[in-house]
Amino acid sequence: MNTRALLLVASFVAPVAVSISTPNPSRNPSPMHRAAAVTDEAVANDNRHPAGHLVDGVLTIQLEAREVLWYPEEKPGASIPLYAFGEAGEPARVPGPLIRVPAGTRVHATVRNTLTKPLRLRGLQDRSSGMLDSIVIAPGATEDFQFRVDVPGTYYYWGRTESNFRPPGPGNIRDGQLVGAFIVDPAGTRPWPGERVLVITLFNDTLSSLGVKAERAQRVLRRELIPPDNWFTVTVNGRSWPHTERLAYAVGDTVRWRVINAAGAPHPMHLHGFFYDVDARGDAQRDTIYTPGQRRKVVTETIRGGSTMAMTWVPTRPGNWLSYCHLVPHIDPALRLTQQVAHDASAPMNHAEQGMAGLVMGIRVAPAKGMTVAAAEAPRRRLRLFINQREHVYGDQPGLSYVLQDGPIPPAPDSIRIPGSTIILHQHEPTEITVINHTSQETTVHWHGLEVESLYDGVGDWSGAGNRLATPIARGDSFVVRLTPHRAGTFIYHTHLDEATQLVSGLYGALLVLPENAPPDTTEHLFLFAVGGPSDEARATVNGSEAARPIELRTGIAHRFRFINISPLDERLVRLSGGSELQEWRALAKDGADLPSTQATPRPASVVLQPGETFDVEILRQRPESLTMEITSPGSIASRWAAIRRGARGSAIPRVVTSIAVTVR
């Protein structure tokens, strides 16, 4: 078998090697050819119904590993041959059957391997021991598992069939869907009504036999170090957007999700419109359930490959919303398996459903029974935000920019500033922002982290409700946004259309909400991490520049540092050191929400930010000294590809360290 171990760029600080298969006609015949031999079709598993039979405290379940056809985009879309688990006598499921029992249950499970390859199985055991056992099941053999589960949490079980069974977690080759959720509820309790289990999987093997990706799709996937002859798809509970399940709630509902990332790549999971509480974090082996003082509110939480999260949120406003991964290649239409012809500009297009794919969930929130929508308060402040374009900023490509009007005269249509103007709002102040599009293309503005009404959320042909949906802002057109910030903090605004091009071309900016009636704080420092252009040679930037200006602090004064990562793919590692020693700072806020007092404490001055995350810290120094802040970023796409061709792997992939002198006087 010919494979390449490629580093997913988003994990460059803590590398995760993912085996990406290279097409081999003798090993991966086309899906049409495979269909003649494989007739068993897997069905998408929404993880609503536990498998097996639970009687008198004993769960009996019979599982089979089978070769099946899978339709991540539903019929008549592309079918993919792979391996999946199913209950005996039932269709195979992607992901595998849900095992859900209360603590104290005895489990009697049999697993039959109907494949032609040995199957190494992990995860069918209690989590009280320090390690997960594994067992190899020969082709045609059946193994018996009997154990008692006592440790509540969110777990999963999985199988591997590759000859070396590595890496030990779930795969992304043909065995990438041999995974199922394993939930253990506290003894004496019932699952929360309506709680959902969302299993994320990533699959690569056999997809390239579907044909050749469009040129634009190849450019997008190239940024994740995926060669043009390899495809991948990312799914939630077996489906890829827009075929993922649409979740429905009402205002005031308590929404509980358990999210399992059974893929090797990290996913910064972002929720539009609302903050959510992180209730627990774990992996296949252990789960840490947080006390109220340990929980934090976020709009984006990174779930590393193989890890899990439990979360709770309460919708307070009706309308359409999204939850998705904030890595642009994981939601780009480049992930579509059924390649589409170029869109006819004269034909109508649903930008949300046709302009996104992959790891996206649609959410519809209905008004509560008897709920009346209060009239919007008259704005006390009015702003005008221009979306401008200047030709040949990035070679033959234009630069795009958000420019806030300052004074009575609008900015020239070709005046740009990258990053866009920093917008400063005040908590509880009703504000109206008129957005005018002076570019040559449709676009939108998403107010990332702000608790706005759905109509103003910035997802074309989705934001809003019923027949009242916000369309993208057409060339030469405008859109009026009305919002009242509920909390003070550090936020972002950015495009939500063709992010692979528009975001890296400059359509992003910082949005700061100050406490009510508070003046701007001159002791604050803002650091906005992005990428400087759409080309493969573009490098990581800090506040729009590859270099950064020195910082001067005053002794005895608390300085607030606001960090924002709006790069399309790559994380940033930020460290503050003095000489060779890591210093301390005090954590203040995550995603614009103040941290609980138990977490707003001094800690080592190091933080990793994934795309879509913001983080605020306080730095207080009592004597004059010289410090250094380092931002570690990936090298350009071109430099990383060059290194891979030379055989570089993992930490040998180029990284760039931007050093900023910090002088305390």
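Glu74 sits in the loop that links strand E5 (58-70) to strand E6 (80-87), where helices (H or I, at least four residues) and strands (E, at least two) are DSSP runs numbered from the N terminus. This is a predicted model, in which local features need pLDDT of at least 70, side-chain atom pairs count only at pLDDT 80 or more, and totals for chains, interfaces and linings use all residues. Residues are numbered from 1 along each chain as its sequence is written, and side-chain values use heavy atoms, with hydrogens and water left out.

Most residues other than glycine have a negative phi, and most peptide bonds are trans. Glu74, although it is not a glycine, has a positive phi of about 65°, and with a relative accessibility of 33% it counts as partly exposed. The scale behind that word takes buried as under 20% relative accessible area, exposed as over 50% and partly exposed as in between, computed with a 1.4 Å probe on protein chains only. Asn517, in the loop between strand E36 (508-514) and strand E37 (525-531), also has a positive phi, near 65°, and its relative accessibility of 71% makes it exposed.

## Cis peptide bonds

Trp241 and Pro242 are joined by a cis peptide bond with omega of about 10°, and Pro242 belongs to the loop between strand E16 (233-236) and strand E17 (246-250). A cis peptide bond also joins Ile418 to Pro419, with omega of about 0°; here Pro419 lies in the loop between strand E28 (397-404) and strand E29 (423-426).

## Glu64 and its surroundings

Glu64 is placed in strand E5 and is buried, its relative accessible area being 15%. Its side chain makes a polar contact with the side chain of Arg66 at 2.9 Å; such a contact is a pair of N or O atoms within 3.5 Å, where within protein one must be able to donate a hydrogen and the other to accept it, and residues adjacent in sequence count only if both atoms are side-chain atoms. When residues up to four places away in sequence are not counted, Glu64 touches Ala84, Phe85, Gly86, Ala88 and Arg112, contact meaning heavy atoms within 4.5 Å.

Strand E5 pairs with strand E9 (residues 106-113) in the parallel sense over five bridges, pairing being assigned if DSSP finds at least two bridges between two strands. Within this arrangement, Val58 stands opposite Arg106 in E9. Strand E9 is in turn joined by seven bridges to strand E12 (residues 142-148), and these two run antiparallel, with Arg106 opposite Arg148 in E12.
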